[in-house]
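I'd like to walk you through one structure today, starting with the fold of a single chain and ending with the contact between chains. Let me put it up on the screen.

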Amino acid sequence: MIPVEYDLILSAALFCIGLYGIIVRKNAIIVLMSIEIILNAAILNFVAFSSYLADPSGQVFALLAIAIAAAEAAVGLAIFLALYQSHGTVELDKIRLLRW
Amino acid sequence: MNWRNLSVATSLGVFLVILSLLFIDRPWMSDLREVPIYDEGGGGIANSLFTTYSITIILIALLLASAMIGGVYLAKMEGKR
(Lines give C-alpha, C1' and ligand atoms only; values in the text may rest on other atoms or scores of the structure.)
Protein backbone atom coordinates (compact mmCIF):
# COMPACT_ATOMS: atom_id res chain seq x y z
CA MET A 1 0.00 0.00 0.00
CA ILE A 2 0.94 3.63 -0.35
CA PRO A 3 2.67 5.26 2.63
CA VAL A 4 0.51 7.87 4.29
CA GLU A 5 3.00 10.67 3.84
CA TYR A 6 2.64 10.49 0.05
CA ASP A 7 -1.06 11.25 0.39
CA LEU A 8 -0.34 14.08 2.81
CA ILE A 9 2.24 15.62 0.47
CA LEU A 10 -0.21 15.41 -2.43
CA SER A 11 -2.85 17.02 -0.26
CA ALA A 12 -0.47 19.82 0.72
CA ALA A 13 0.41 20.35 -2.95
CA LEU A 14 -3.28 20.59 -3.85
CA PHE A 15 -3.79 23.07 -1.01
CA CYS A 16 -0.91 25.23 -2.22
CA ILE A 17 -2.18 25.17 -5.81
CA GLY A 18 -5.64 26.20 -4.65
CA LEU A 19 -4.27 28.95 -2.43
CA TYR A 20 -2.15 30.27 -5.32
CA GLY A 21 -5.26 30.40 -7.52
CA ILE A 22 -7.23 32.27 -4.87
CA ILE A 23 -4.49 34.83 -4.23
CA VAL A 24 -3.32 35.44 -7.78
CA ARG A 25 -6.24 35.02 -10.15
CA LYS A 26 -8.98 37.63 -10.53
CA ASN A 27 -11.57 35.62 -12.44
CA ALA A 28 -14.33 34.55 -10.07
CA ILE A 29 -14.87 31.17 -11.71
CA ILE A 30 -11.17 30.32 -11.42
CA VAL A 31 -11.27 31.39 -7.75
CA LEU A 32 -14.25 29.07 -7.25
CA MET A 33 -12.31 26.25 -8.91
CA SER A 34 -9.38 26.98 -6.58
CA ILE A 35 -11.69 26.74 -3.58
CA GLU A 36 -12.84 23.38 -4.90
CA ILE A 37 -9.20 22.26 -5.16
CA ILE A 38 -8.67 23.20 -1.50
CA LEU A 39 -11.80 21.26 -0.57
CA ASN A 40 -10.43 18.27 -2.46
CA ALA A 41 -7.19 18.56 -0.49
CA ALA A 42 -9.19 18.38 2.75
CA ILE A 43 -11.16 15.41 1.44
CA LEU A 44 -7.93 13.63 0.52
CA ASN A 45 -6.70 14.20 4.08
CA PHE A 46 -9.93 12.71 5.42
CA VAL A 47 -9.52 9.60 3.27
CA ALA A 48 -5.81 9.23 4.04
CA PHE A 49 -6.26 9.35 7.80
CA SER A 50 -9.34 7.13 7.56
CA SER A 51 -7.27 4.48 5.81
CA TYR A 52 -4.34 5.06 8.14
CA LEU A 53 -6.44 4.53 11.26
CA ALA A 54 -8.74 1.91 9.62
CA ASP A 55 -11.70 4.01 10.76
CA PRO A 56 -14.60 4.43 8.29
CA SER A 57 -15.72 7.77 9.75
CA GLY A 58 -13.20 9.72 7.69
CA GLN A 59 -14.50 8.29 4.44
CA VAL A 60 -18.08 9.01 5.51
CA PHE A 61 -17.07 12.62 6.16
CA ALA A 62 -15.38 12.66 2.74
CA LEU A 63 -18.65 11.65 1.09
CA LEU A 64 -20.52 14.34 2.99
CA ALA A 65 -17.87 16.93 2.12
CA ILE A 66 -18.22 16.03 -1.58
CA ALA A 67 -21.97 16.69 -1.31
CA ILE A 68 -21.35 20.02 0.40
CA ALA A 69 -18.82 20.95 -2.30
CA ALA A 70 -21.42 20.20 -4.98
CA ALA A 71 -23.95 22.46 -3.27
CA GLU A 72 -21.35 25.20 -2.86
CA ALA A 73 -20.39 25.01 -6.53
CA ALA A 74 -24.03 25.21 -7.62
CA VAL A 75 -24.80 28.26 -5.49
CA GLY A 76 -21.48 29.92 -6.35
CA LEU A 77 -21.98 29.55 -10.07
CA ALA A 78 -25.53 30.89 -9.76
CA ILE A 79 -24.23 33.93 -7.84
CA PHE A 80 -21.59 34.54 -10.50
CA LEU A 81 -24.25 34.25 -13.19
CA ALA A 82 -26.32 36.91 -11.41
CA LEU A 83 -23.18 39.04 -11.00
CA TYR A 84 -22.43 38.76 -14.72
CA GLN A 85 -25.95 39.77 -15.59
CA SER A 86 -25.79 42.83 -13.34
CA HIS A 87 -22.16 43.94 -13.83
CA GLY A 88 -21.25 42.44 -17.17
CA THR A 89 -18.08 40.85 -15.78
CA VAL A 90 -16.93 38.26 -13.26
CA GLU A 91 -13.55 39.89 -12.66
CA LEU A 92 -13.32 40.26 -8.89
CA ASP A 93 -11.33 43.50 -8.88
CA LYS A 94 -13.99 45.19 -11.02
CA ILE A 95 -16.85 44.14 -8.72
CA ARG A 96 -16.50 46.42 -5.73
CA LEU A 97 -20.05 46.67 -4.44
CA LEU A 98 -21.74 44.01 -2.36
CA ARG A 99 -25.12 45.65 -3.16
CA TRP A 100 -26.21 45.30 -6.77
CA MET B 1 4.29 36.39 -14.39
CA ASN B 2 4.78 39.63 -12.49
CA TRP B 3 6.66 40.21 -9.26
CA ARG B 4 3.64 39.70 -7.00
CA ASN B 5 2.69 36.37 -8.54
CA LEU B 6 6.30 35.22 -8.37
CA SER B 7 6.58 36.09 -4.68
CA VAL B 8 3.30 34.27 -3.92
CA ALA B 9 4.48 31.20 -5.84
CA THR B 10 7.85 31.24 -4.09
CA SER B 11 6.36 31.53 -0.61
CA LEU B 12 3.83 28.79 -1.31
CA GLY B 13 6.61 26.58 -2.68
CA VAL B 14 8.64 27.10 0.50
CA PHE B 15 5.53 26.34 2.55
CA LEU B 16 4.98 23.12 0.57
CA VAL B 17 8.60 22.03 1.04
CA ILE B 18 8.41 22.65 4.81
CA LEU B 19 5.16 20.70 5.04
CA SER B 20 6.61 17.83 2.99
CA LEU B 21 9.71 17.66 5.18
CA LEU B 22 7.51 17.58 8.27
CA PHE B 23 5.43 14.76 6.81
CA ILE B 24 8.45 12.72 5.78
CA ASP B 25 10.34 13.30 9.02
CA ARG B 26 7.53 12.03 11.23
CA PRO B 27 7.64 8.28 12.00
CA TRP B 28 4.29 6.93 10.85
CA MET B 29 3.07 3.75 12.47
CA SER B 30 1.90 1.88 9.40
CA ASP B 31 0.92 2.14 5.76
CA LEU B 32 -2.58 2.80 4.52
CA ARG B 33 -5.11 -0.01 4.98
CA GLU B 34 -8.26 -0.70 3.06
CA VAL B 35 -11.52 0.12 4.83
CA PRO B 36 -14.35 -2.21 3.72
CA ILE B 37 -17.43 -0.75 2.06
CA TYR B 38 -19.74 -3.03 4.03
CA ASP B 39 -18.83 -5.25 6.96
CA GLU B 40 -21.01 -7.74 8.78
CA GLY B 41 -19.45 -6.70 12.06
CA GLY B 42 -20.33 -3.04 11.53
CA GLY B 43 -16.91 -1.67 10.62
CA GLY B 44 -17.65 -0.64 7.04
CA ILE B 45 -18.31 2.72 5.44
CA ALA B 46 -21.93 1.90 4.60
CA ASN B 47 -22.54 0.70 8.16
CA SER B 48 -21.43 4.04 9.58
CA LEU B 49 -23.17 6.00 6.82
CA PHE B 50 -26.59 4.54 7.47
CA THR B 51 -26.45 4.02 11.22
CA THR B 52 -24.31 6.59 13.02
CA TYR B 53 -24.62 9.36 10.43
CA SER B 54 -28.18 8.79 9.19
CA ILE B 55 -29.38 12.19 10.45
CA THR B 56 -26.43 13.79 8.67
CA ILE B 57 -27.49 12.11 5.42
CA ILE B 58 -30.95 13.66 5.75
CA LEU B 59 -29.45 17.08 6.51
CA ILE B 60 -27.15 16.82 3.48
CA ALA B 61 -30.14 15.89 1.32
CA LEU B 62 -32.00 18.96 2.56
CA LEU B 63 -28.90 21.10 1.92
CA LEU B 64 -28.58 19.80 -1.64
CA ALA B 65 -32.28 20.38 -2.32
CA SER B 66 -32.13 23.94 -0.96
CA ALA B 67 -28.93 24.62 -2.95
CA MET B 68 -30.64 23.39 -6.10
CA ILE B 69 -33.70 25.57 -5.52
CA GLY B 70 -31.55 28.57 -4.58
CA GLY B 71 -29.32 28.10 -7.60
CA VAL B 72 -32.26 27.98 -9.97
CA TYR B 73 -33.78 31.05 -8.27
CA LEU B 74 -30.55 33.03 -8.53
CA ALA B 75 -30.07 32.04 -12.15
CA LYS B 76 -33.65 33.00 -13.09
CA MET B 77 -33.88 36.36 -11.31
CA GLU B 78 -32.66 38.53 -14.21
CA GLY B 79 -36.19 39.81 -14.93
CA LYS B 80 -36.50 41.43 -11.52
CA ARG B 81 -33.70 43.93 -12.06
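So, take the contacts in chain A between residues at least 6 apart in sequence: 43% of them join residues at least 24 apart. Keep in mind that this is a predicted model.

What is chain A built from? It has 3 helices and 0 strands, and reading from the N terminus the order is α-α-α. The radius of gyration of chain A comes out at 17 Å, while the globule rule gives 13 Å for 100 residues, so the chain is more spread out than a compact globule. You can see that in the C-alpha trace too, which spans about 50 × 25 × 15 Å along its principal axes. As for burial, 24% of the 100 residues in chain A are buried.

Now the helix pairs. With H1(A) and H2(A), the axes come within 8 Å and cross at roughly 165 degrees. Anything over 145 counts as roughly antiparallel, so that is what H1(A) is to H2(A). The crossing of H1(A) past H2(A) is left-handed. Sorted by class, their contact has 18 nonpolar, 6 polar and 1 charged residues.

Next pair along: H2(A) and H3(A) pack at about 175 degrees, axes 8 Å apart. That makes this pair roughly antiparallel as well. Who meets whom here? On the H2(A) side the residues include Leu32(A), Leu39(A), Ile43(A), Phe46(A) and Phe49(A), and on the H3(A) side they include Phe61(A), Ala65(A), Ile66(A), Ala69(A) and Phe80(A). Glu36(A) in H2(A) is also part of this contact, and so are Gly58(A) and Gly76(A) in H3(A).

How many residues does each chain put into the contact? Chain A brings 37 and chain B brings 35. On the chain A side, the elements giving two or more residues are helix H1 (4-24), helix H2 (28-53) and helix H3 (57-87). Which of these gives the most? That would be H3(A), with 17 residues. And by class, the side of chain A that touches chain B has 30 nonpolar, 6 polar and 1 charged residues.

Definitions and conventions:
Residues numbered from 1 in each chain as written. Chains lettered and ligands numbered in written order. Predicted model: local features only at pLDDT ≥ 70, side-chain atom pairs only at ≥ 80, totals over all residues. Contact = placed C-beta atoms within 7 Å. Helix = DSSP H or I, 4+ residues; strand = E, 2+ residues; numbered from the N terminus. Nonpolar A, V, L, I, M, F, W, Y, C, P; charged D, E, K, R; others polar. Rg over C-alpha atoms; globule rule 2.2 N^0.38 Å. Buried ≥ 20, exposed ≤ 12 C-beta atoms within 10 Å, placed from the backbone. Axes fitted to C-alpha atoms, helices over the stretch in contact; angles between N-to-C directions. Parallel < 35°, antiparallel > 145°, perpendicular 65-115°, else oblique. Left-handed = near helix turned anticlockwise from the far one by under 90°.
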